[in-house]
Amino acid sequence: MADLHMPAAGQQPDRVRARARVVGLVQGVGFRPFVWREATARGLSGWVGNDAAGVILEAEGAADAVDALLDALTRPPPLARVVEVRSELVPPVLDVGFAVRSSATGGVRRALVSPDTATCRDCTRELHDPTDRRFRHPFVNCTSCGPRYTIVQSVPYDRTRTTMAPFALCPACQAEYEDPANRRFHAEPVCCPACGPRLRLLHRSGDEVEVGIGAGDQAGDPIRAAAQLLREGQIVAVKGLGGYHLAVDARHEQAVAELRRRKHREDRPFALMVESAEAAQQLCAIGPEEHTLLTSAARPIVILRRLAAPRAGATEAAGGAGGAGGAGGAGGAAVAAAVAPGSPSLGLMLPYTPLHTLLLEAFGGPLVMTSGNASDEPIAFADDDAAQRLDRIADAFLVHDRAIRTRVDDSVATVVRGRVVPVRRSRGYVPSPVELPLECPQPILACGSALKNTFCLTRGRHAFVSHHIGDLDDYATMLSYLDGIGHLSGLLDVAPAVVAHDLHPDYPSTRYAVELADVQLVGVQHHHAHIASCLADNGVTGPVIGVAFDGIGLGADATAWGGEFLLADLTGYTRAAHLAEVPMPGGDAAARQPWRMAAAHLDAAYEGAVPAGLAVVGRHGRSWGQVLSAARAGVNSPLTSSAGRLFDAVSALLGIRDAVTYEGQAAIELEHAADPGELGSYAVPVSDEAVARVQVAHLVRAVVDDLARGTAVPLIAARFHTALADVVLDVCRRLRESHGLSTVALSGGVFQNALLLHRCLDRLEADRFIVLTHRQVPPNDGGISLGQAAVAAAQLRAHDA
Ligand SMILES: [Zn+2]
Ligand SMILES: [Zn+2]
């Protein structure tokens with residue numbers, strides 16, 4: 001019909017046809033239907049399709065309408081990210097209508113796969129609408145939400161290359177999938193009760209729980225049946241998006257304690273899932289930034305300060321958002337003590353799949369949702385493996401038959417002084433790239449470090465930091481590291497010939513790197529990688545004053561660094577200052593037994609003449625002397641300038657923690673013990689050497705003196721934090737004077753300490769420093785791989801120039 005009114009080609013001088021290529025995160029995010037809508041609305045003809053490089057389209061019609069379409073491409077749907085639009089004019093072909101083409105394979109794979117995304121508002125509405133055909137369907141999703149990275153097997157991103165491939169679309173879903181005007185147009189994981197995965201509740205024995213029988217609203221509904229088991233205090237393994245969780249009633253003291261016992265997890269806090277932001281506000285103080293983070297599409301676990309125990313009418317003013325904290329604000333008493341023993345914080349997340357939403361609604365209270373594993377093993381994600389490994393922990397299994405391709409843990413973040421601080425970057429963020437401040441001349445693989453490990457692959461300006469892999473000492477974790485490198489390289493279609501690694505020869509990641517054939521190796525010092533990671537995270541190249549405080553990393557002088565002030569840019573660094581070294585008695589054992597570090601620091605502070613009557617000495621009797629003689633003789637006692645180990649020492653010295661059950665515990669408990677209202681400090685001198693030493697002996701003696709005076713532990717703990725922040729300011733001022741640098745980058749796991757970070761930011765910003773902190777990747781070793789990649793890229797470019 002349009003033909004009747006269409007003038008002949010010759011009579012239409014302004015009819016043009018443009019071919020455009022769109023590069024970025026444009027597949028699986030509703031980009032083609034978006035183009036279809038924009039093109040049809042403007043009366044354009046042509047087509048749009050996916051290929052391995054992204055989206056490609058041709059549009060023909062009036063020149064201004066074609067221009068307007070090309071312009072609209074830069075304002076894409078919410079989950080899309082357009083990196084580049086390249087267009088050219090081609091001869092008009094006088095076609096009619098605008099078509100959406102299916103994917104073409106082959107070619108260079110440039111398209112980006114999207115992260116897994118929390119259920120969107122439209123899908124949540126359908127989930128609750130009794131008239132909708134997806135009412136209470138635990139797998140509802142659309143082009144704006146649902147599983148992505150966890151189900152993708154290869155690219156281009158298409159249903160046939162995901163773990164949804166075995167589920168044949170029913171006619172109704174097929175029609176939606178093919179209709180460009182529908183919001184499920186090419187939503188690859190689209191499904192419904194008729195054609196989607198099936199949910200089942202299994203006994204520990206593997207037999208299906210009979211949910212079809214019985215009265216009331218549990219009939220036929222595994223979710224309601226699971227909620228009933230949870231109310232009875234049972235432990236239910238729940239198959240989620242990137243792996244299994246272990247769920248238990250967070251208010252049920254015995255059930256939570258039993259979960260700890262079965263999981264062999266003694267002290268480390270459990271994360272909770274709550275139904276809504278309102279439910280979160282009944283437990284914790286939530287400011288505007290925390291609220292945004294909690295409700296974001298990525299839905300990380302957010303570490304939040306608990307509301308004080310309820311006092312009549314008194315709610316903490318720190319909240320800000322959400323008003324008076326809700327009528328039922330039961331405060332600290334609302335969850336079992338065993339959830340997060342002794343911690344003033346709770347890690348909360350909101351439901352991010354329809355299954356979670358239904359489970360939380362059916363249960364009606366906070367649930368512990370901790371990773372499905374025993375102690376330090378990786379989280380279970382394959383069904384047979386989960387059934388085996390979680391058999392002794394879970395009483396029942398809420399499972400389904402959609403396979404998880406890639407294990408992806410929950411992400412964790414916190415907010416300090418209005419700044420988001422990532423603690424673990426995984427589900428919801430990966431595989432979105434971090435934009436590098438420079439172009440990589442060739443693809444790079446950065447292998448990371450050892451604990452909390454990630455790897456990183458680069459392509460052009462994009463750095464793809466992997467999902468959280470974990471501690472590589474574990475064999476199963478190492479296998480998932482190797483699988484992850486292979487899988488992500490395949491998705492990105494890169495074969496890196498440059499491989500960056502830590503200097504520590506015994507890290508499994510280093511051993512992996514050096515055994516690769518035909519690659520160019522780039523060794524990157526651990527703390528340089530930390531600072532480079534912070535620079536790349538902020539899109540800058542330096543130079544800066546880098547403050548890297550962490551546990552341990554191998555230094556250039558073969559000692560164990562960890563309290564470092566570096567003058568650094570992406571290409572290189574000089575060590576400008578550091579905490580004074582002490583022996584680390586027993587090497588790795590010192591990290592597990594902080595009292596050993598107390599012994600080393602006291603011995604150094606008093607040159608052998610430790611004052612009598614210190615409780616920490618008394619608690620360790622003969623072992624104390626043995627550890628000291630080993631340290632003095634240099635037997636298995638490498639020197640360290642570690643800030644993390646200094647926190648350990650003070651934690652033990654103050655009687656807070658002598659031995660840890662998880663990494664960082666002593667320092668975390670020292671932070672929690674500190675009275676944030678206390679503003680006192682201790683003077684800590686810095687030496688005049690070329691590489692200055694912070695005289696931590698003075699700090700240790702000040703702590704001991706305060707202790708001897710009977711000063712309360714919360715005051716001493718706070719003064720210790722403030723003293724370190726004062727030292728950071730002092731050293732940064734000296735370096736600004738001597739080197740003219742006024743930007744400071746703070747990195748290393750110690751800067752997850754909110755109190756220390758807060759005090760450092762206060763001081764540095766008041767003194768007009770520009771302070772860079774991590775925003776996208778964690779300051780801990782989970783961010784190391786990004787720094788290594790950035791350093792390798794900068795060095796390659798310097799070499800080429
Ligand atoms: Zn949706
Ligand atoms: Zn269907």
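Which residues does Glu176 touch, not counting residues up to four places away in sequence? In this predicted model, the answer is Arg133, Arg134, Asn182, Arg184 and Phe185. Glu176 itself sits in helix α5, which covers residues 171-178. Its relative accessibility is 14%, and buried means under 20%, so Glu176 counts as buried.

**The nonpolar cores**

Let us turn to the cores. The largest nonpolar core holds 76 residues, and the members that touch the most others are Leu201, Leu359, Leu398, Leu445, Phe455, Tyr481 and Leu488. As background, nonpolar side chains in soluble globular proteins tend to be buried together.

**An aromatic pair**

The model has 8 aromatic pairs. One of them joins Phe455 and Tyr481 in an edge-to-face arrangement, with 6.1 Å from centre to centre and 80 degrees between the planes. Phe455 belongs to the loop between β17 (444-446) and β18 (456-459), while Tyr481 belongs to helix α12, so the pair ties together parts that are 26 residues apart in sequence. Both Phe455 and Tyr481 are buried. Ring pairs also bring in Tyr512, making a cluster of Phe455, Tyr481 and Tyr512.

Helix α12 spans residues 475-492 and includes Leu482. Together with Tyr475 and Leu479, Leu482 forms a nonpolar patch on the surface, and the accessible area of the three together is about 320 Å². Leu482 has 35% relative accessibility and counts as partly exposed.

**A buried loop residue**

Val408 is found in the loop between β13 (396-400) and β14 (412-416). Leaving aside neighbours within four places in sequence, its contacts are Tyr149, Thr150, Gly242, Ser426, Arg427 and His467. Val408 and Arg425 are 17 residues apart in sequence, and their C-alpha atoms are 9.8 Å apart in space.

Here are the relative accessibilities side by side.

| Residue | Relative accessibility | Class |
|---|---|---|
| Glu176 | 14% | buried |
| Leu482 | 35% | partly exposed |

Conventions: Residues are numbered from 1 along each chain as its sequence is written. Chains are lettered from A and ligands numbered from 1 in the order in which they are written. This is a predicted model: local features need pLDDT of at least 70, side-chain atom pairs count only at pLDDT 80 or more; totals for chains, interfaces and linings use all residues. Side-chain values use heavy atoms; hydrogens and water are left out. A nonpolar core is a set of buried Ala, Val, Leu, Ile, Met, Phe, Trp, Tyr and Cys residues joined through side-chain atoms within 4.5 Å. Buried means under 20% relative accessible area, exposed over 50%, partly exposed in between (1.4 Å probe, protein chains only). Patches are made of residues with over 30% relative accessible area and no salt bridge: like charges are joined within 9 Å, nonpolar side chains (Val, Leu, Ile, Met, Phe, Trp, Tyr) within 5 Å. Accessible areas come from the Shrake-Rupley method with a 1.4 Å probe; for residues, only the protein chains shown count as cover. A salt bridge is a side-chain nitrogen of Lys or Arg within 4 Å of a carboxyl oxygen of Asp or Glu. Helices (H or I, at least four residues) and strands (E, at least two) are DSSP runs, numbered from the N terminus. Rings of Phe, Tyr and Trp (its six-membered ring) pair if their centres lie within 6.5 Å; planes under 30 degrees apart count as stacked, over 60 as edge-to-face and the rest as tilted. Contact means heavy atoms within 4.5 Å.
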